Amino acid sequence: MKWLQAINLVTGKFINRHHTYFTHSLNYLARKRNVNRNYLDYIRLSTLELAAAEINRKNISGEVAEVGVYKGKFARFINQYFPDRTLYLFDTFEGFDKKDISTELNKGFSSGEQDFSETSVEKVLSIMPYRDRCIVKKGYFPKTAEGLDEQFVFVSLDTDLFDPIYNGLVYFYPRLSKGGYIFIHDFNNDLYKGARSAVEKFCSENALNYLPLPDSCGTAVIVK
């Protein structure tokens, strides 16, 4: 049986080196959950499903949104879990804006070098399960939100950089329904330190708390 021990040792070293863990999840929950196991960040997606279930069970009114859509891989699940709500998709669809990169460099948050321009509105909409419920807001946020008169129950902020994350919190939190959620991606991502700084600044200014998740890029969750 030594060969089994050797396999276990090698496998254990491999998954630990890649920060991968095997654990049980909601063993005693009776309701059937729809969580795509092929999505590479199970914790983030699973938490979204749970938040959506709470919102829908309580029948909280409001729409949903994502700022920083890129190719729409997370947005499609927001659309899936909230099929009867309008999903607002905010993105330049051309990558980072130079103004936001300037802030990153001046404050030493990140290099702002990552290229997120390989996307398009049509490609994003093509993977949405309820495309007719999606409204695209292309351009620089928060200017693209001008004129909206909506309340929101769920918002994903995934823009990586300080300015759009902070501006997203300033815009959406007052418009968040009681019981609603804001997910801020990259909160514990040391390659984009502006994300944490934006959350801490906003929460300090407004006497709010947040919950950090142990997902791939360290999402923070704010609940109203």
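Tutor: Let us start with F172, which is buried, with a relative accessible area of 0%. Buried here means under 20% relative accessible area, while exposed means over 50% and partly exposed lies in between (1.4 Å probe, protein chains only). The model is predicted, so local features need pLDDT of at least 70, side-chain atom pairs count only at pLDDT 80 or more, and totals for chains, interfaces and linings use all residues. Residues are numbered from 1 along each chain as its sequence is written, and side-chain values use heavy atoms, with hydrogens and water left out.

F172 lies in helix α6. Helices (H or I, at least four residues) and strands (E, at least two) are DSSP runs, numbered from the N terminus. What does F172 touch, leaving aside its neighbours within four places in sequence? The contacts are A65, V67, F90, F141, F152, V155, L157 and I182. Contact means heavy atoms within 4.5 Å. V136 is 36 residues from F172 in sequence and 17 Å away in space, C-alpha to C-alpha.

Now the rings. F172 belongs to a cluster that ring pairs build from Y88, F90, F141, F152, Y171 and F172. Rings of Phe, Tyr and Trp (its six-membered ring) pair if their centres lie within 6.5 Å; planes under 30 degrees apart count as stacked, over 60 as edge-to-face and the rest as tilted. The structure holds 20 aromatic pairs. One of them joins F96 and F116, edge-to-face, at 5.3 Å centre to centre and 65 degrees between the planes. F96 sits in the loop between β2 and α4 (98–107), and F116 in the loop between α4 and α5 (121–126), so this pair ties together parts 20 residues apart in sequence. Both F96 and F116 are buried.

Next, the helix that carries F172. Helix α6 (residues 162–172) lies across β1, β2, β4, β5 and β7 (220–223), and runs at about 175 degrees to β4. Axes are lines fitted to C-alpha atoms, for helices over the stretch in contact, and angles run from 0 to 180 degrees between N-to-C directions.

Those strands belong to an open sheet. Seven strands form it, in the order β3-β2-β1-β4-β5-β7-β6, with mixed pairing. Strands pair if DSSP finds at least two bridges between them. β3 (134–138) and β6 (211–212) stand at the edges with a single partner strand each, so one side of each has no neighbour in the sheet.

Look at β1. Five of its five residues are buried, so β1 is largely enclosed by the rest of the structure. In a regular strand the side chains alternate between the two faces of the sheet. In β1, E63, A65 and V67 point one way, and V64 and E66 the other way. Four bridges join β1 (residues 63–67) to β2 (residues 87–91), and the two run parallel. Five bridges join β1 to β4, also parallel. A65, a contact of F172, stands opposite Y88 in β2 and has V155 as its bridge partner in β4. V64 has L87 as its bridge partner in β2.

Another helix also lies across β1. The buried residues of α2 include L45, L48 and I55. Its buried residues pack against β1, α3 (75–81), β4 and β5.
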